[in-house]
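Biologist: Please show me how to read a model like this one, feature by feature, with the general idea before each case.

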Amino acid sequence: MWRVILLLGNAVLVGAQSGVAIEFCSAVDFGLEGTADVLARGFSDYFVKVPFTVEKLLGAARSDSVDFSASRIAVADGTAVGAALIARRGWTSRLAGMAIVPEARRQGVGRALVHRVLEDAKNRGDRTMVLEVVEQNEPAVALYEGCGFKKQRRLVGFSTQSESGFATAGLAEVDLRAAGEAMTLCGVADLPWQLSGETVAHLTPPNAAFRLDGAWVATSSLSASEVSIHAVAGVPGAEYVKSASGILYALGAKFPGKRWTMKAVWPEELGEVFSAVGFTRTPLSQWQMIVSLSWTSAGSAPAFAIVDVAAAASRHGQR
Ligand SMILES: CC(C)(COP(=O)(O)OP(=O)(O)OC[C@H]1O[C@@H](n2cnc3c(N)ncnc32)[C@H](O)[C@@H]1OP(=O)(O)O)[C@@H](O)C(=O)NCCC(=O)NCCS
């Protein structure tokens, strides 16, 4: 099958010879209920269940800086066929969620949608776009690589069941804002969006944060039996891994008998922080990907230069 992609004002023709006109509108114009619906349909056959609701979208706006006016819905013949959620912080955009409904796939809609959000980002002056994609999601990885994104690092997840232990003196609960600020100033550079200090600073109770000797951790509610570790940061420098593991150990000892998880957003090269205190890897992994929004002149379709990922990958030392 061959396909055509022609720019027609706001519309793009995709698909086989006859071509299907795709138009784009913002999620604000389309409405949050419609946006949640097209995302739910697009993710209906996904690896993990992703329950998209208006409440979930509003939560993503608050904690992850999703910008609905920058998020795009792809529409064919008056019907929504795909959506791309865009989060924004400073000069950086994040493709925070993207899906094409099953019946509209493999006709070029996904590529046209990614091109559109990259073009939007470039036009508003953004410098980079980032995303995370499940490594085993071969169609999506191929799509993003084809649109110029480069793998920056592998992200992995962990879980463990903690036993009772002796609480470590010095573990103190702190304001999530303070933890977020410290993680921004002292944390590892180029962390994925979800682990960043900005994300932590936007969390509110019943999420919680703790400090131990210059190491910081943010978690979901500790009254539940299963607790997500949202982010952890050690003391900058040579003691980073030891101190980050130390605060995880102290947390497990203070709240015994819980199941602890870290989603697949943790840099693989720092896995020792978790493995040193008995966590084991969970099956899914992700690629953290990035594209620079400097234009190149190749071809009529937007092309995007690649940032120096080798330098980025080696820059996981502390600032
Ligand atoms: C991934 C997804 C968005 C692709 O959308 P799509 O409209 O089918 O993609 P396109 O038709 O524009 O294809 C563009 C490129 O993506 C890649 N691709 C898309 N589907 C593919 C598949 N089934 N197998 C391999 N590569 C695929 C190819 O590189 C393709 O280029 P090509 O046709 O020249 O080979 C779609 O499959 C989807 O919504 N999946 C479920 C949700 C999801 O995984 N979202 C991404 C989460 S990060």
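Biologist: How do the residues of the shell around the ligand divide into nonpolar, polar and charged?

Modeller: The classes are a convention: Ala, Val, Leu, Ile, Met, Phe, Trp, Tyr, Cys and Pro count as nonpolar, Asp, Glu, Lys and Arg as charged, and the others, Gly among them, as polar. Here the shell holds 11 nonpolar, six polar and four charged residues. A residue is near a molecule if its C-beta atom, placed from the backbone, lies within 6 Å of it, and 21 residues surround the ligand, the closest being Arg 105, Gly 110, Pro 139, Ala 142 and Leu 143. The elements that give two or more residues to this shell are β6, α4 (109-123) and α5, and the largest share, six residues, comes from α5.

Biologist: What should I keep in mind about the origin of the model and its numbering?

Modeller: This is a predicted model, in which local features need pLDDT of at least 70 and side-chain atom pairs count only at pLDDT 80 or more, while totals for chains, interfaces and linings use all residues. Residues are numbered from 1 along each chain as its sequence is written. The score pLDDT is the predictor's confidence in each residue, from 0 to 100; the protein averages 88, and 87% of the residues score at least 70. Over residues 1-8 the pLDDT is below 50, although this stretch has 20 contacts in the model beyond near neighbours in sequence, and over residues 296-319 the pLDDT is also below 50, with 45 such contacts. A contact is counted if the C-beta atoms of two residues, placed from the backbone, lie within 7 Å.

Biologist: How many helices and strands make up the secondary structure?

Modeller: Helices (H or I, at least four residues) and strands (E, at least two) are DSSP runs numbered from the N terminus, and the protein comes to 10 helices and 14 strands.

Biologist: Why does Tyr 144 count as buried?

Modeller: Burial is a neighbour count: a residue is buried if 20 or more other C-beta atoms lie within 10 Å of its own, exposed if 12 or fewer, and partly exposed in between, with C-beta atoms placed from the backbone. Tyr 144, which lies in helix α5 (residues 138-146), has 24 C-beta neighbours inside 10 Å and therefore counts as buried. Leaving aside residues up to four places away in sequence, Tyr 144 touches Leu 131, Val 133, Phe 149 and Met 289. Tyr 144 and Gly 110 are 34 residues apart in sequence, yet 9.5 Å apart in space, C-alpha to C-alpha. For the protein, buried residues make up 41% of the 319 residues.

Biologist: How far apart are the end C-alpha atoms of helix α8, and what span should its 15 residues have?

Modeller: The expected span of a helix is 1.5 Å times one less than its number of residues. Helix α8 (residues 240-254) should therefore span 21 Å, and its end C-alpha atoms are 21 Å apart, which agrees. The buried residues of α8, among them Tyr 240, Ile 247 and Leu 251, pack against β10 (208-212), β11 (215-219), β12 (226-233), β13 (259-267) and α9 (272-275).

Biologist: Which way does strand β4 run relative to β5, and how many bridges join them?

Modeller: Two strands pair if DSSP finds at least two bridges between them. Strands β4 (residues 72-76) and β5 run antiparallel and are joined by five bridges, with Arg 72 standing opposite Ala 84. They form a hairpin with two residues between them, where Asp 77 in the turn has a positive phi of about 50°. On to the next pair: eight bridges join β5 to strand β6 (residues 92-100), again antiparallel, and Leu 85 has Gly 97 as its bridge partner. The hairpin of β5 and β6 also has two residues between the strands, and Gly 90 in the turn has a positive phi of about 55°. Strand β5 (residues 79-89) is mostly covered, since eight of its 11 residues are buried.

Biologist: Where is Arg 106 found, and is it buried or exposed?

Modeller: Arg 106 is found in the loop between β6 and α4, and with 12 C-beta neighbours inside 10 Å it counts as exposed. Its phi is near 60°, a positive value in a residue other than glycine. Another backbone feature is the cis peptide bond that joins Pro 205 and Pro 206, with omega about 15°; Pro 206 is found in the loop between α7 (197-201) and β10.
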